[in-house]
Amino acid sequence: MQWEVVIGLETHVQLSTRSKIFSGAARHFGDEPNVNACYVDLALPGSLPVLNHSAVEKAIRFGLAIDATVANHSVFDRKNYFYPDLPKGYQISQFELPVVLGGKLTFPVQPKKGDPYVKTVNLTRAHLEEDAGKSIHGLVQGCSGIDLNRAGTPLLEIVTEPEMRSAAEAVGYARALHALVVWLGISDGNMQEGNFRCDANVSVRPVGQKEFGTRCEIKNLNSFRFLQEAIDYEVRRQIELIEDGGKVVQATRLYDPDKGETRQMRTKEDSMDYRYFPDPDLLPLEISDEWIERVRGEMPELPHQLCERLQSEFGLPQYDASMLTASRDIADYYVALAAKVSDRKMAANWVMGELSAAVNGVEGMTFGKAPVTPEILAAILGRILDNTVNQKGAKQIFAAVWEGEGTDVDALIESKGLKQISDTGALEGIIDEVLAANQKSVDEFRAGKQKAFNALVGQCMKATRGKANPAQVNELLRKKLGA
């Protein structure tokens with residue numbers, strides 16, 4: 001039987017406010033347990049929540065970025081459940097009237113097999129809520145601790161329609177969403193600190209069936225690799241279970257990366273189990289059209305807008321433009337570089353190639369912190385364009401700057417003897433010697449073998465220790481061979 005996978009994602013994004021969503025307590029990561037928990041976070045009797053203005057603005061900014069409806073009127077509700085790290089016995093969230101409705105996100109997908117493609121997923125909603133605290137197990141044998149520093153941290157929970165059909169699509173969506181919230185400045189997106197966590201709702205159904213299968217929710221996936229692995233495992237588990245005559249039970253599951261499998265945490269609750277009702281301590285959230293328009297006027301250029309501009313103004317292919325707008329970090333670097341280099345395509349190739357490889361090779365490195373700044377890389381590319389060095393020499397200069405040997409490009413070219421040989425007379429003499437020493441290759445080329453020509457070019461470059469101008473060598477060599 002052919003099976004179709006159905007996936008919807010719920011993503012919890014910690015908003016980068018200075019204080020919590022309903023209290024003035026700080027939201028620092030890594031502090032001593034419970035030092036950032038005030039009387040509101042601890043749910044002491046008589047304490048009342050006060051909504052954080054900055055959290056609302058960040059929700060508005062996100063809604064505008066995904067072309068959603070920002071609700072003029074929304075309501076905070078109490079989501080009731082008991083857990084040790086939830087002091088009030090309920091979580092303040094939004095249920096029937098969220099702050100953001102609808103919207104969509106378009107993103108590239110890199111499947112395991114087949115060509116890359118672009119997909120658009122519709123969003124159901126995004127709503128504001130508070131985070132819970134954190135249970136810490138194993139501090140003392142047989143005991144657990146509760147750290148309430150995270151309790152009350154502002155979250156934007158972003159929910160998709162169940163429109164993804166593979167783990168690759170889910171990962172593509174998550175990467176694009178992560179890049180967007182960081183681009184907008186509403187979250188730092190630090191997944192190691194839990195600032196961006198995905199819950200994946202996964203089900204399978206026979207191809208052609210309209211009704212959804214029974215779903216299972218995999219909670220708290222805080223890396224793209226774990227998201228991929230957890231969905232792949234869960235899909236296999238559900239298909240094998242059904243084909244063996246069993247039934248999928250709606251449940252909440254956790255992913256164990258050490259074992260590479262999901263395990264059941266509890267049977268899945270439905271919304272009715274949480275006994276939602278409007279929070280009597282909080283007035284409805286009223287957002288005026290004037291407030292929305294003010295936020296709209298402060299919005300940065302969005303990734304898709306910059307992507308279109310790189311194609312129309314800089315003449316880049318769609319693939320290059322999409323790669324260069326995959327994150328704010330790489331986009332800012334490229335835009336700064338392109339302002340100083342006449343050949344924008346060459347600049348794109350170096351950013352996507354040499355620079356990206358160097359940045360990704362150092363843990364914690366970013367484009368903004370790269371030792372080869374846009375100004376230095378522009379100087380290197382300028383020396384390629386004026387024929388001072390060839391590509392090979394330029395890569396050696398790049399590596400030297402990256403390793404801390406200096407930042408003066410011209411001085412490095414001189415000290416390493418990388419200046420390109422462009423003198424026609426000198427090159428003709430070298431080419432004559434190469435042709436005389438490689439008669440077999442000459443004969444093969446004249447017999448129609450193109451590889452023989454490439455071999456002769458290689459010999460010429462070897463004879464000049466890589467300093468010759470490759471384009472000039474090709475031109476002179478063809479002329480002497482009568483090609």
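**Close-up views of a predicted model**

**View 1. Cysteines without disulfides.** The structure holds zero disulfides. The model is predicted. Cys143 has a relative accessible area of 44%, so it is partly exposed. Cys460 is buried, because its relative accessibility is 2% and buried means under 20%.

**View 2. The largest nonpolar core.** This core contains 69 residues. Phe62 and Leu128 have the most contacts inside it. Helix α2, spanning residues 167-184, gives the most to this core: eleven residues.

**View 3. The surroundings of Phe62.** Which residues does Phe62 touch, not counting those up to four places away in sequence? Its partners include Leu123, Ala126, Leu156 and Ile158. Phe62 also touches Leu177, Leu180, Val181, Leu184 and Ile186.

**View 4. The division into domains.** Domain 1 covers residues 1-284, domain 2 covers 300-414 and domain 3 covers 422-479. The C-alpha centres of domain 1 and domain 2 are 36 Å apart. Six residues from domain 1 and ten residues from domain 2 make the contact.

**View 5. The interface of domain 1 and domain 2.** About 730 Å² is buried between domain 1 and domain 2. Carbon and sulfur atoms give 73% of that area. On the domain 1 side, Ala65, Ala179 and Trp183 lose the most area to domain 2. Together they account for 71% of what that side buries. How many salt bridges are found across this interface? The rule finds zero between domain 1 and domain 2.

How values were computed. Residues numbered from 1 in each chain as written. Predicted model: local features only at pLDDT ≥ 70, side-chain atom pairs only at ≥ 80, totals over all residues. Heavy atoms only, no water. Core = buried A, V, L, I, M, F, W, Y, C linked by side-chain atoms within 4.5 Å. Buried < 20%, exposed > 50% of the residue type's maximum accessible area, 1.4 Å probe, protein only. Helix = DSSP H or I, 4+ residues; strand = E, 2+ residues; numbered from the N terminus. Contact = heavy atoms within 4.5 Å. Disulfide = S-S within 2.5 Å. Domains from an automatic or database assignment. Buried area = accessible area lost by both parts, 1.4 Å probe. Salt bridge = Lys/Arg side-chain N within 4 Å of Asp/Glu carboxyl O.
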